[in-house]
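Student: I would like a close look at one part of this model, the packing of its helices. Please go through it contact by contact, and then turn to the pocket.

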Amino acid sequence: WVFWGCYISMIIIGIRAIKKDGSLIASQIVILTAYLIFWNIDFFYQLITNNSLWGVTDYFFREMLWVARIISLEHIFLLPLTIYAIYLVGLKTKDYWKLSIIQTLVLISLSRLLTKEEFNVNCVYRPCAQFLYSGNYYLLLWIAILIFTILINSYILNKLFNKKN
């Protein structure tokens, strides 16, 4: 379970916020933004309607330890808190996306090599959302989606926060 990207990123974001390193904070949030938005939509839909939307947060509404449930709620506040942290410390570089792609590729590789398929950590064995393609080329598609969202999120974040020297 320690390989889940959100938990790793949350720790890195916290450490880098203390050290006032906006670029490393940004490198984490561009990996997670789209997925946190999907998680939150799925979560609140299921909370309000008592029906699964995409299946991303189904685990949360099953029987689980209360500590795990509380920790999983980090998905709700991580994005706004991180954007606020970048606002406070600033964003001085534009190339943090390179680190994001490298970290993503390493995390996907480690997740695939070191975790059991039944846990599907970081969605490396099959889609975590019911609407995604799940055929033979799923992993390649997943990596392509991750890289694409990193690039799009980096572009948006740079437009919002990058300060001209």
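Tutor: A helix axis here is a line fitted to C-alpha atoms over the stretch in contact, and the angle between two axes runs from 0 to 180 degrees between N-to-C directions. The model is predicted.

Start with α5 and α6, whose axes cross at roughly 155° and come within 10 Å. Angles over 145 degrees count as roughly antiparallel, so α5 is roughly antiparallel to α6. The crossing is right-handed. On the α5 side the contact is made by Tyr 96, Trp 97, Ser 100, Ile 101, Thr 104, Leu 105, Ile 108 and Arg 112. The α6 side supplies Leu 139, Trp 142, Ile 143, Leu 146, Ile 147, Ile 150, Leu 151, Ser 154, Leu 157 and Asn 158. By class, the residues of this contact are 13 nonpolar, four polar and one charged.

α6 also packs against α2, at an angle of about 115° and with the axes 8 Å apart. This crossing, too, is right-handed. From α2, the residues in contact are Ala 26, Ile 29, Val 30, Ile 31, Thr 33, Ala 34 and Tyr 35. They meet Trp 142, Ile 145, Leu 146, Thr 149, Ile 150, Asn 153, Ser 154 and Leu 157 in α6. The contact of α2 with α6 has 11 nonpolar and four polar residues, and no charged ones.

The remaining pair is α2 and α5. Their axes cross at roughly 55° and come within 8 Å, which makes α2 oblique to α5. α2 passes α5 in a right-handed crossing. Ser 23, Leu 24, Ala 26, Ser 27, Gln 28, Val 30 and Ile 31 of α2 touch Tyr 96, Leu 99, Ser 100, Gln 103 and Thr 104 of α5. This contact is evenly split by class, with six nonpolar and six polar residues and no charged ones.

The largest pocket holds about 1,300 Å³ of space. It is lined by 46 residues, of which Trp 4, Val 56, Tyr 59, Cys 123 and Cys 128 are the closest to its centre. The elements giving two or more residues to that lining are α1 (5-18), α2 (22-49), α3 (66-72), α5 (96-114) and α6 (138-161). α2 gives the most, with seven residues. By class, the lining has 30 nonpolar, 11 polar and five charged residues.

Note on methods
Residues numbered from 1 in each chain as written. Predicted model: local features only at pLDDT ≥ 70, side-chain atom pairs only at ≥ 80, totals over all residues. Heavy atoms only, no water. 1 Å grid on protein atoms, 1.4 Å probe; cavity = no way out; pocket = protein on both sides within 12 Å on 5 of 7 lines; lining within 4 Å. Points joined across faces, edges and corners; volume = space filled by probe spheres on them. Helix = DSSP H or I, 4+ residues; strand = E, 2+ residues; numbered from the N terminus. Nonpolar A, V, L, I, M, F, W, Y, C, P; charged D, E, K, R; others polar. Left-handed = near helix turned anticlockwise from the far one by under 90°. Contact = heavy atoms within 4.5 Å. Parallel < 35°, antiparallel > 145°, perpendicular 65-115°, else oblique.
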